[in-house]
Amino acid sequence: MKRFKRFVYPITHIVVPFVLMIIIAIKCSEILELVDYSAYGLEFNFSELSFKNPQVILSILLVIIQWFIVRLFVTKYKEFAKSDFYGDYPLIVYTLAYWIMGYKVVDLKMKPIPLQFQLLHQNIFNCKAEAIKSNKEFKYKVDKNDGLNYRVKQINIIVADTFDILDDKLPNNIKDNYTIKIDRIGERSIRVSSQELVDLIHREIRDTHSFCDEYNLFLATPAWTNKAIYEQVFNTRDGFIINIYQQDNQNGFKFKEKPTKIKC
C-alpha cells in the first residue's frame, strides 16, 4: 500500500491539480469574456486590444490566477511528501512541487540521506527535522588513519551512529583515502539527536580542512543530525565539496559507487 502511495503521490499532488486548473480555466473561458474595466483608478481597455484567440488568452490568465491562489492560500504551509512513507523521489520532483504547486515545507525524515542534503542545499523549502530525545547519553570515539601531513584529494568521514558501518560496505575506489571514523559507544539501535556528535564532526573537519576541501560522507545518522551537519559544519562559505553516499538495499546495504556531489 505504501509503495502504491509513493508511486501515485506526485501524480495526485502535482500533475492532477495542475491539469485541473487548466481544465477549469478552459471551461470558464468558454462562458466568460474580456470586457473593459475601470474602477478605483484602474483601467483595462481590453476592447482596444486585438487578440488572435481571446479564449486562449483568457484561459492563460485564469490558470495564472488559480496558480497564485493555490500557492498563497492552499499549499503555502502544507508539507510535501509527508514522512508516513519513504519519499525517495528525484530532487526534480520536489522542485516541481515547489514551483508548480507552491509547497514550501518538507520533513527530512523518511528521505534518503543524499536527498536530505540536496534539499538543504537547494534552500527553497522549510526543511523540518525533529530532534529525537533519549533518556540515555551516548559517547563517541574517533579512529583515524596515520597522521595527515600533506595535501590530499579527498577525505572519508564515516559516522556510525544508529548502526555500525563495516569496511566491506564501502566502495573500493575510496578505501585508500585518509579516513576518519566516528563510532557511537554502546547501544546503536536507538535513534537520538546529538549536538555532541555534530561538534565532534565539526572539530575533525576544522582540523583537516587545510589539507583537503572535498569530503566523502558515509552516514548512519538521523535527519536532525544530518541537517545540523550541513548547516553547522559544511554550509560555511569555506568552499567545501561533499560527496554523500547512499546505501543500496538491493545489494546487501553496500554503499553505491556514485555519490551525490554538492558544492557548498
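Predicted model: local features only at pLDDT ≥ 70, side-chain atom pairs only at ≥ 80, totals over all residues.

Trainee: In what order do the strands of the open sheet of 6 strands stand?
Mentor: The pairing in this open sheet is mixed. Strand 5 (139-144) and strand 12 (260-263) stand at its edges with a single partner strand each, so one side of each has no neighbour in the sheet. Read across the sheet, the order is 5-7-6-8-9-12.

Trainee: Which residue of strand 12 stands opposite Ile 241?
Mentor: Strand 9 (residues 241-244) and strand 12 run antiparallel and are joined by 4 bridges. Helix 4 (residues 113-122) lies across both of these strands, as well as across strand 8 (214-220), and runs at about 25 degrees to strand 12. The residue of strand 12 opposite Ile 241 is Lys 263.

Trainee: Which residue of strand 8 is the bridge partner of Ile 155?
Mentor: Strand 6 is joined to strand 8 by 6 bridges, and the two run parallel. Strand 6 also pairs with strand 7 in the parallel sense, over 6 bridges, and there Ile 157 stands opposite Ile 180. On the strand 8 side, the bridge partner of Ile 155 is Tyr 215.

Trainee: How many of the residues of strand 6 are buried?
Mentor: In a regular strand the side chains alternate between the two faces of the sheet. Ile 155, Ile 157 and Val 159 point one way from strand 6, while Asn 156, Ile 158 and Ala 160 point the other way, and all are buried. The number of buried residues in strand 6 is therefore 6 of 6.

Trainee: Is Thr 162 buried or exposed?
Mentor: Thr 162 has its place in the loop between strand 6 (155-160) and strand 7 (178-185). Among the residues that Thr 162 touches, leaving aside those up to four places away in sequence, are Arg 184, Ile 190 and Pro 222. Because its relative accessible area is 7% and the limit is under 20%, Thr 162 counts as buried.

Technical notes
Residues numbered from 1 in each chain as written. Heavy atoms only, no water. Buried < 20%, exposed > 50% of the residue type's maximum accessible area, 1.4 Å probe, protein only. Contact = heavy atoms within 4.5 Å. Pairing = 2+ DSSP bridges. Axes fitted to C-alpha atoms, helices over the stretch in contact; angles between N-to-C directions.
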